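Please read these points with the structure open beside you.

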Amino acid sequence: MKSASCESEVVEIPSVYMSLVHEGVTAIAKDAVNTLARRIICRGPGRSPLPSHLLVLGAILADLLKGAVYDPARPCYRPMGAGDFTGAAVGYHAFRSVLDGLVAANLVLVDRGWLDPITCKGRVTRIYPAEGLLNELAGMGLTPANWHCHFAKRSGIPLVGKPIQLRAGSTYDRRFNKLRGRPMPVDMTDAKVLSLAAQVTTINEVLAKQSYDGMAFEGLFRGFNKGDDSSFNWNMGGRLYAVGGGYQSIERDERKLIRINGEATAEVDISASHVTILHCLMKAPLPEGIDPYFIPGLDREPVKRFVTAAIGNGRIPVRWAADAIADYGEELKKSPKQGYTGDLKKDYPFGIIKAKVSEHMPLLKRIGECPYGWADLQYAEANILIDAMISLIDKGIPSLPIHDSLIVPASKSLEAHNVISDSFFRSLRVKPLIRVK
């Protein structure tokens, strides 16, 4: 079985991550695990399941019940390569033994994943509880509605086994299609890595203690990029990613339904984050309090697309990219706008956008000479938001990161606004434009 180490890119929604970090803590849960374990694992009379098998089975049952809470029930997904269990809460061989036993007993269904090692695209394995399993567990007193009463996260293990992850720089195929950088090993004995990991683990521990509606919190990891670059020193990329995509993968309208500890939430966003950071680093700060993407006579949409392309590619684009055209068309299909065709080239002629944006932001004309690329800007942005998250934790306020924004309880949105602004100013000596959505 190939390792699905690119799961954050290929996971489909809706599904829930099989974290394997829970264990049965009540007599009902322990009895159910023991009963099933004797049937699916033990071969012959008088034999007892190993403690590792009981641990794995309890963890699998908890995750399957967690997914079945939704209507309709959601499967669990899990990368299945042996390397994907390094640092995990359970071992690879014990997991495969228990899972194979569940499959043989027709208690779960497995839709095996696949991965193209060249493009790093594929589909992660999904695990579905059979109706018979859910019925049997219900007969023992375990249901999706009460699973959290009978299972708890194991103490002494981190929520995320690999809090720091690293990839090489992207490459291109013969047709100039961008290929995501390959995963690279991380030396977990390195002092800097240990410090970064401790920071992520602290954030995960705090967020794991909160209750959520409209999402499941499976933990965060910090993903660094361009690990094969000669100047790499844990200073490229570094964003916080939800394991498997999680809440970061759902549409903005759905994110509005997220509640933290029973309270409605708001999204506090750094407007035009990367372009603001770039101007600060280049000692050409933009006027405070003004949206950098606002140009009289132009919609914000094409301005943002143009600037994002220029910064991402390190040069002024010469035409609208094919993916930008496709994305724009899909967006207009979902949310049609009167007077717009859905064709990016027709709605926003590239030559006009290029001329006006270049005049509005002269720094872009020198983007090819700029020593800062997208990975540097992501790193600066990530540090600012992580600093803000830790400051909010000190104030007793949980927050969920979405790259250039934080989801916070609505009653704390103003405080989060001020904390993010202060973190940005400490880093770059400029107050950014921040919006609460």
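**Notes on the model**

1. Start with Ala82, which sits in the loop between β3 (76-77) and α4 (92-104). Helices here are DSSP runs of H or I with at least four residues, strands are E runs of at least two, and both are numbered from the N terminus. This is a predicted model, in which local features need pLDDT of at least 70, side-chain atom pairs count only at pLDDT 80 or more, and totals for chains, interfaces and linings use all residues. Residues are numbered from 1 along each chain as its sequence is written, and side-chain values use heavy atoms, with hydrogens and water left out.

2. The cut-offs are under 20% for buried and over 50% for exposed, with partly exposed in between (1.4 Å probe, protein chains only). Ala82 and Ile316 are 234 residues apart in sequence, and their C-alpha atoms are 43 Å apart in space.

3. Next comes α4. This helix has 13 residues and reaches 18 Å from its first C-alpha to its last, close to the 18 Å expected at 1.5 Å a residue. The expected span is 1.5 Å times one less than the number of residues. Buried residues of α4 are Ala94, Phe95, Arg96, Val98, Leu99, Gly101 and Leu102. They pack against α2 (27-40), α3 (51-68), β4 (108-111) and β7 (126-129). Contact means heavy atoms within 4.5 Å. Just after α4, Asn106 takes a positive phi of about 60°.

4. Helix α14 (residues 374-394) has 21 residues. Its end C-alpha atoms are 30 Å apart, which agrees with the 30 Å it should span at 1.5 Å a residue. Its buried residues include Ala375, Leu377, Gln378, Glu381 and Leu392. Just after α14, Gly396 has a positive phi of about 80°.

5. Glu381 of α14 is buried. What does Ser273 contact, leaving aside neighbours within four places in sequence? Ser273 is in contact with Glu381 and Asp404. Ser273 lies in helix α9 (residues 273-281). It counts as buried because its relative accessibility is 3%.

6. Glu415 is in helix α15 (residues 413-428). At 32% relative accessibility, Glu415 counts as partly exposed. Not counting residues up to four places away in sequence, Glu415 touches Lys395 and Ile397. Glu415 and Lys395 are 20 residues apart along the chain, with C-alpha atoms separated by 9.6 Å.

7. Now the second largest pocket. Its volume is about 900 Å³. A pocket is an open set of points on a 1 Å grid over the protein atoms alone, where a 1.4 Å probe fits, with protein on both sides within 12 Å along at least five of seven lines; lining residues have an atom within 4 Å of a point. There are 33 lining residues, and His22, Trp147, Ala208, Gln210 and Phe217 lie nearest the centre. Elements giving two or more residues are α6 (147-150), β8 (151-153), α7 (191-208) and β13 (212-213). The most come from α7, with five.

8. Finally, the whole chain. Its secondary structure comes to 15 helices and 20 strands. Of its 437 residues, 47% count as buried. The C-alpha atoms fill a box of roughly 80 × 50 × 50 Å, taken along the principal axes. Among contacts with a separation of 6 or more, 68% are between residues 24 or more positions apart.

Notes. Points joined across faces, edges and corners; volume = space filled by probe spheres on them.
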